[in-house]
Amino acid sequence: MEYLPNIIFLLILLLGIGFFTRNIKRLSRNIKLGKDVDRTDNRGQRWANMAKIALGQTKMVVRPIPGILHVIVYLGFIIINIEVLEIILDGIFGTHRLFAPLGKGYDFLIGSFEVLALLVIVAVVVFWIRRNVLRLRRFVKPEMKGWPKKDANLILYIEVVLMFLFLAMNGADHALQQMGASHYILAGSFPVSQFMAPLFEGMSTSNLILVERTAWWLHITGILFFLNYLYYSKHLHILLAFPNTFYANLKPLGQFNNLESVTNEVKLMMDPSVDPFAAPPEGNIVPEKFGASDVTDLSWVQLMNAYTCTECGRCTSECPANLTGKKLSPRKIMMDTRDRLEEVGKNIDLNKGIFVPDGKQLLDAYITREELWACTSCNACVEACPVNIDPLSIIIDMRRYLVMEQSAAPSDLNNMMGNIENNGAPWPFNQMDRLNWVNEN
Amino acid sequence: MAQMFANGQKPEVLFWVGCAGSFDDRAKKITKAFVKILNKAKVSFAVLGTEESCSGDPAKRAGNEFLFQMQAVGNIEVMKGYGIQKVVTACPHCFNTLKNEYPSLGGNYEVIHHTQFMNELLAAGKITLEGGIFKGKRITYHDPCYLGRANSVYEAPRELIQKLDAELVEMKNCRKKGLCCGAGGAQMFKEPEKGNKDVNIERTEQALETQAEIIAAACPFCNTMMTDGIKNKEKEASVVVLDIAELIANAADL
């Protein structure tokens, strides 16, 4: 019986990690539904970008207020994890404050965790006010209605509760240490939680221990719950920001990829030695689809982008189309891509690993043509994203599908393209008049 | 170009005029201003003239990769025939397309924007700015998306404005955060989607907030959009939209 808590702890821990592993596998399977794209070049530059943008948060602080608050929560999250390591080891071995022999260093660590925890609470409260009281424009856009709004607030609540549990655990521990309770060795410094002392005044040792243990257990199970909540929420960015910045596009933002499938066709057309009456090659060669109408037509980087998006809306708040009241919102493009990918993933799970057509696709069922045609391809969204997500590439791939597979461009654009085809300019001017400006006044 | 080639001459640089610069009445003035500067600086240059065709940019942004690549391959063949190595253009869309999207189709050139080229000419002392008709004037600069964010060229045009002894005033959104004029992504050639405002009006309002007398543009399409915005706001009497090449040509009294 003596080892019962250890066993229960180990079971909870394994359950938490096991479930998390399952989710990660599902995530990676879904991302791999995307088409292959080579992003293994320039490793040095890629590592540097990851260090600068994900680790160093350089694009977050472009907007100083949310940026600095975010850095606090981020540092809190990373640094307080050192404490989680101690908690896990304590849980497994039935020890208490295993790292206490570090002495002064330990006091410093616990002290700084507490200060950070307090700062995190302050930051999260400000975040909550920005979302729910100040209602900043980017947080109340149409795509944020319903689950996205709940999800965002839920994350803030979980973070506050976790921090309070951490402080309560320390506060009760501190009180027990002062009382000289056995097992509660004098260790750590408690610059924040010592102020909880009045709450514990007059409590019996056994009640205090109950408070301390409850907070300890709820804190660690809360963390494991949060870890598993990630996959079902926009919060995956805390993990995916790193690979996402690593694999992000390194080329100039204005450079759109040249479709190789098209290059091959163009070469054939231009090659005078090709026999136009030649029989098609043997075998069942499926002609390649141009552009994207569903998530499986996108690349795995674009799909990872979708899972990485944390719906902050900086892209949308910089989008010229959105600023002037058009339906297009780059954030919605990412959210739609993710939601459709989840739907496709579930379909595959339900049908023994094979996708059964469900009569839907990303185009129309999620992203409307009106949104796609409103884009000016200005790259403001790409520049604004703190983790280098590229909504523009998805918009362009979907336009490619509309134009090359469906001939469904707006009629004005068809005129423009007709002009280019016929006379080499987007307007109906004769190519032979191109030099007329020389003699005009 | 054909003439020079026939005479066995090879120009130092090819001036890629672009469709706007060739056909649009407003943009033709930019073309001429830039040509005056090239002549003044005694740059040996050529234009493709009737052999030039659309770079393919609007087709590509609209999603028509076929048409884009057909255009690109055609242009690349023409330039290959003349052995072109260096290209200068006053259009950021042609600039971006030729610089970034032609290489993998076989077109490798040193491509520079006219604001960069004019800076080089000034630095080399090939043109000098005297007088100072723009001295002390408030000028705001509108970053074209395909020059700024797309290719990180932010300073070349600004340096030129500063050389005019003018007062450069920035808009609320500038450089990396520059707001689009509304023409990019083939929007120039279609009606905008339903909304509550046109993008060029939003941008024009930002420009007017700076109290500038001149809106400097570096793209023929931005120029059109901003000029339309100024007309819409009925400010034609107090604010003009000029390309950087026009500013320099005027300042150098060309």
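1. A word on the model first: it is predicted, with local features needing pLDDT of at least 70 and side-chain atom pairs counting only at pLDDT 80 or more, while totals for chains, interfaces and linings use all residues. Residues are numbered from 1 along each chain as its sequence is written, and chains are lettered from A and ligands numbered from 1 in the order in which they are written.

2. Let's start with the contact between the chains, to which chain A gives 55 residues and chain B gives 55 residues. Residues are in contact here if their C-beta atoms, placed from the backbone, lie within 7 Å. On the chain A side, two or more residues come from each of α9 (260-270), α12 (320-323), α15 (369-373), α16 (380-384), α17 (391-405) and α18 (411-423). Helices (H or I, at least four residues) and strands (E, at least two) are DSSP runs, numbered from the N terminus. That side of chain A holds 32 nonpolar, 12 polar and 11 charged residues; Ala, Val, Leu, Ile, Met, Phe, Trp, Tyr, Cys and Pro count as nonpolar, Asp, Glu, Lys and Arg as charged, and the others, Gly among them, as polar.

3. Within chain A, you will find domain 1 (4-31 + 63-246) and domain 2 (260-268 + 290-430), with bounds from an automatic or database domain assignment. Their C-alpha centres are separated by 38 Å. Domain 1 of chain A puts 20 residues into the contact and domain 2 of chain A puts in 21 residues. On the domain 1 side, α1 (4-31), α5 (147-179) and α8 (237-246) of chain A each give two or more residues, and α8(A) has the largest share, six residues.

4. Chain B is assigned domain 1 (2-120) and domain 2 (129-251), whose C-alpha centres lie 22 Å apart. Each of these domains of chain B brings 26 residues to their contact. On the domain 1 side, α3(B) provides the largest share, eight residues, and the residues of that side divide into 13 nonpolar, eight polar and five charged.

5. Do look at the open sheet in chain B, where four strands follow the order β2-β1-β3-β4 with parallel pairing. Strands pair if DSSP finds at least two bridges between them. At the edges are β2 (45-46) and β4 (110-113) of chain B, each pairing on one side only. Four bridges link β3 (residues 86-89) of chain B with β4(B), and Lys86(B) has Glu110(B) as its bridge partner in β4(B).

Notes: Two residues are in contact if their C-beta atoms, placed from the backbone, lie within 7 Å.
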